[in-house]
Structure formats: structure tokens, C-alpha cells
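Hi everyone, thanks for coming. Please have a look at the picture on the screen, and then we'll walk through a few spots together.

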Amino acid sequence: MESKELFLMVEAISNEKNITKEDVFEALEEAMAVATKKRHNIDAHVEIDRKTGEFSTFRQWTVVEDGDNFLDDDGEIEFNAELHVYAKDAKGIAVEDFVREPRETEEFGRIAAQTVKQVIIQKVREAEREVIVADYTQRVGEVIMVTVKRVDRSNAYVDMGGVDGMISKFDLIPNESIRKNDRLRAYIKEVKSSPRGAQIFLSRTVPEMMIELFEMEVPEISEGVIEIMGASRDPGLRSKLAVKTKDKRLDPIGSCIGMRGARVQAVSNELNGERVDVILWDEDIAQYAINAMAPAEVTSIVVDEDKNTMDIAVEEDQLALAIGRGGQNIKLASRLIGWKLNVMSVSESDDKQAEESQKVSDKLAEKLGIDSEVAAVLIDEGFGSVDAVADADAVNLESIEEFDASMVEEMQARASDAQLVQAFGDADSFEVLTTVEGVDEDLAQALIKAEVITVEDLAELSIDELLEVRNIDKEVASAVIMTARENEGWFK
């Protein structure tokens with residue numbers, strides 16, 4: 001082949017397959033080397049001059065350590081003088097490098113030419129795959145328009161503009177009717193390289209897709225005036241989007257909904273009619289939760305920051321709306337803010353608070369050796385714990401009706417004693433709990449605070465109960481409980 005023809009061929013392959021000319025040259029070199037190896041049963045190396053197009057062929061021997069045998073990636077193989085040369089005879093060339101000897105570049109027959117063609121095709125495919133993987137890896141997170149090529153076993157195989165992708169049945173919106181040649185938008189979720197080529201996985205169910213669609217529909221978001229703070233979805237049915245604005249003169253919810261609901265409707269139509277609630281983000285987590293519960297109106301809310309839970313009370317006629325069909329509304333709100341939300345009626349909330357107050361009162365009464373009524377008075381006045389009573393200014397306690405100086409002195413003395421007992425007990429519990437593999441200092445302190453003070457107490461917890469004590473990985477929680485049960489001899 002003349003050099004001019006060679007360069008034209010390389011350029012044509014490079015342009016057609018969207019790969020570099022260097023990749024094509026390397027594919028040619030490897031193909032020629034493979035054909036030479038097959039024809040003469042030798043190890044060969046081929047180089048093509050990038051300026052002149054001239055071929056140089058070399059026979060090569062791999063330099064191996066001195067000895068009868070040596071190891072390669074596949075295990076021990078015998079020395080072969082046709083393929084190997086000992087280091088002592090390699091004239092200073094390093095082990096695993098090559099001794100090369102020039103030889104004439106041959107004209108190949110039909111079978112050899114076919115081998116060259118197959119290797120070139122394979123190398124070009126590999127180079128093409130690497131280009132696609134590199135390109136689409138950078139585009140993960142984009143929403144693009146695709147055309148459905150076929151639907152097989154509920155998975156949709158799509159054309160992304162000359163590149164194939166797949167939307168699995170788990171990433172398709174439930175009950176969405178998709179047929180061949182349909183055009184739709186999808187979110188690039190993951191890109192993998194495999195021997196079969198680049199595998200690009202897309203999704204229509206992830207919250208990120210809805211966020212991207214709003215960025216496309218609402219100029220204020222793409223311009224950075226409105227910021228999306230979070231999203232949660234029940235694909236094809238309902239979703240929630242939290243937004244805030246950097247310009248207080250702008251209504252972020254109205255901007256996302258658009259004139260007569262045009263913007264939110266455009267997003268909804270793309271998501272197979274999914275209803276979108278746009279809510280206002282708030283830095284106050286309680287107010288954020290109230291906003292997230294829309295359209296239900298919240299009467300009261302109790303926040304437990306240690307457990308990342310909230311008890312939300314609504315009027316009886318708002319209860320069904322707050323929970324939503326199949327728990328949909330409360331589930332989406334919980335996902336959106338990242339806290340566990342418990343919704344209940346006002347009467348249920350009052351009963352629960354009364355029960356909790358009674359527990360606190362009884363506990364305080366027991367530790368201080370006083371009546372529950374006296375403990376209730378202390379709690380009402382803001383002294384709801386042993387520490388609060390012990391550390392309080394005596395004057396403040398004496399100002400409470402029916403409390404005199406001797407009574408206050410006695411209560412504070414008992415509170416101090418209770419503190420000391422508690423400190424010793426907590427120290428012992430801390431030492432015991434941290435012997436369980438997986439229980440670190442923070443978890444041990446959280447367990448003691450929740451009155452889980454022995455390994456036996458820990459062993460009796462369920463995974464959900466441990467997660468309520470401290471929000472840790474579910475697998476870690478399971479392992480901790482199983483270890484505690486093993487230490488307690490449950491499996492003997």
C-alpha cells in the first residue's frame with residue numbers, strides 16, 4: 001500500500017469512527033504483528049512511520065530471568081527459544097523487555113489479510129468504545145432526548161443519536177406506555193465499559209431528572225436566581241420540589257409553576273402526568289417540614305433533634321390529606337427533608353404528649369424521692385431533669401409556690417446524689433457497651449441516653465429501634481445487634 005493511500009485510509013477510519021488517527025495506526029500495527037505471528041509462529045512487532053507511512057517489521061524475543069522456567073500472568077511456562085531469551089544473553093536489556101531483530105515486511109495473502117482486517121475492526125471498536133465511555137461519563141447527570149428502538153422484557157433500548165442506551169424496567173415510570181420510535185427524555189445515570197461495548201444506563205424515575213427538567217423550563221433556575229434545594233418522587237404519581245430564591249422580590253413557587261401553571265405542567269407532561277408540589281424551602285427544619293406537608297395544614301409539631309424525628313399534629317379532617325393515598329404525602333415529605341415524620345390527629349398528639357410528660361414526671365419523682373404532683377410542678381416551671389434541679393439557683397426554686405428553703409435544699413441534695421449515681425452508672429455502661437464490636441463512643445452515649453445500658457438491652461433491640469436511637473447505616477445496625485446477641489449467648 002502506498003503511503004498516500006495509507007494516510008487517506010487512516011483519516012477516513014478516524015473520521016467515520018470518531019477516534020484519533022493514532023488509535024488507527026496502533027490498530028494497524030497490532031493487526032500486522034498478529035498476522036505475522038500466525039504465519040510464522042514467531043513473536044513479531046510492527047511499527048509504522050507516522051510521517052512517511054513506511055512499515056518496519058521486527059522479530060522479537062521476550063527477555064526472561066535466567067533459569068529453566070519462569071512465571072507469566074497465566075502461571076509457570078517453559079522456556080522457548082523461538083519466543084524467549086535469557087537475561088544473560090540479552091546484552092543489558094531488562095527482563096520483560098524485548099530483543100528485536102529487523103525482518104522484511106511481507107505481502108499478505110487472502111487469509112492473512114482477513115486476520116489483519118479482523119484485528120483492525122476489533123481495535124477500532126475498542127477505541128470507539130473508549131471514546132464513547134469517556135464522552136458520556138462526562139455527561140452523567142444530563143437529560144437528553146432519545147428514540148426508542150425496541151422494548152424487550154419491559155426494558156427500553158434507545159438511540160441517543162448514533163449511540164445505544166438502555167432504560168431498565170426499574171427506571172421507567174410505572175404504567176407508562178412506551179413503543180418503538182417514541183421520542184422521550186431520559187436522565188443519563190451511569191456509564192460502563194464492557195467487552196460488548198459501552199453500556200449507557202438512563203432513567204426516568206430519579207429525582208434528579210425532575211430537577212433537570214425544571215432547570216430547562218424555568219429560566220430563573222438556570223440563571224441561578226432560584227435554587228432547587230431538594231426533590232422526592234413517587235414516579236408517575238406525585239412528587240415534591242423544594243425551592244428558595246436569592247432575590248426576595250421574586251416568588252420562587254410562582255416562577256416554577258408559571259403562568260396558568262404552564263411550566264409545571266410541561267414538566268408533569270414529560271413525566272407521564274406526575275403531579276408536582278412546589279414548596280418553599282426554609283432553614284428552620286420545623287417550618288420546612290410544615291411546608292413539605294402541603295397541602296395539609298399542620299396544627300403543631302414536636303421536633304426530636306437527637307433522633308431526627310418529628311411528630312406532626314393535624315386536625316381530624318386534615319388527617320387523610322396529610323397522610324395521602326397509601327401514605328404518599330407523608331412519605332414524600334419525609335424523603336424531602338431527610339427526617340422521619342410521624343403524622344397524627346391533634347387528640348392523638350395531646351394523648352402522646354400527656355403520656356410522655358407522665359413518664360418524665362414519674363422518672364423525676366423516682367430519682368428525687370418526691371410525689372408525682374411535685375415533680376409535675378417542677379416540670380411546669382422548667383426544671384424537668386435531675387441536672388436542671390441540681391444546677392438551679394436555690395432562689396428560683398424557692399420562688400415556686402409551696403416550696404420552702406428546707407424543701408429546696410433537700411431536693412437539690414438528692415439531685416446531686418442522683419447525678420453522682422448516674423455518672424458512675426453511665427461510666428460502667430459506657431465501658432460495657434463499647435466492648436461490642438461496632439459500638440463507638442457516639443453510639444454508646446446515644447444508647448445510654450436512650451436507657452440501653454447493658455449488652456442484654458442492646459441484644460433485645462430490633463434494627464428499627466436501634467436506628468431510632470441513632471441514625472446509622474442499616475447494615476452496621478444489624479451487625480451490632482447480631483454481635484450483641486452472640487455475646488449474650490443467643491445462638492448457643
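Let's start with a question: is Asn175 buried or exposed? Asn175 is exposed, with a relative accessible area of 82%. For those words, buried means under 20% relative accessible area, exposed means over 50%, and partly exposed is in between, using a 1.4 Å probe and protein chains only.

Before going on, a word on where this comes from. This is a predicted model, where local features need pLDDT of at least 70, side-chain atom pairs count only at pLDDT 80 or more, and totals for chains, interfaces and linings use all residues. Residues are numbered from 1 along each chain as its sequence is written, and side-chain values use heavy atoms, with hydrogens and water left out.

Back to Asn175: you'll find Asn175 in the loop between β9 (164–167) and β10 (183–194). Those labels are DSSP runs numbered from the N terminus: helices are H or I with at least four residues, and strands are E with at least two. Asn175 is not a glycine, yet its phi is positive, near 65 degrees.

Ser154 also has a positive phi without being a glycine, near 70 degrees. Look for Ser154 in the loop between β7 (143–152) and β8 (155–159). Ser154 is partly exposed, at a relative accessible area of 44%.

Now to strand β13, residues 238–245. Six of its eight residues are buried, so β13 is largely enclosed by the rest of the structure. Which strands does β13 pair with? Strands count as paired if DSSP finds at least two bridges between them. Strand β12 (residues 226–234) runs antiparallel to β13, with eight bridges joining them; Ala231 has Leu241 in β13 as its bridge partner. These two strands form a hairpin with three residues between them, and Gly236 in the turn has a positive phi of about 85 degrees. Strand β14 (residues 275–280) runs parallel to β13, joined by six bridges, and Ser239 has Val276 in β14 as its bridge partner.

Next, a proline. The peptide bond from Ala294 to Pro295 is cis, with omega near 10 degrees. Pro295 sits in the loop between α8 (285–292) and β15 (300–304).

Last stop: Phe430, in helix α15 (residues 405–433). Phe430 is partly exposed, with a relative accessible area of 24%. Leaving aside residues up to four places away in sequence, Phe430 touches Glu441, Ala444, Gln445 and Ile448, where contact means heavy atoms within 4.5 Å. Phe430 and Gln445 are 15 residues apart along the chain, and their C-alpha atoms are separated by 7.0 Å.
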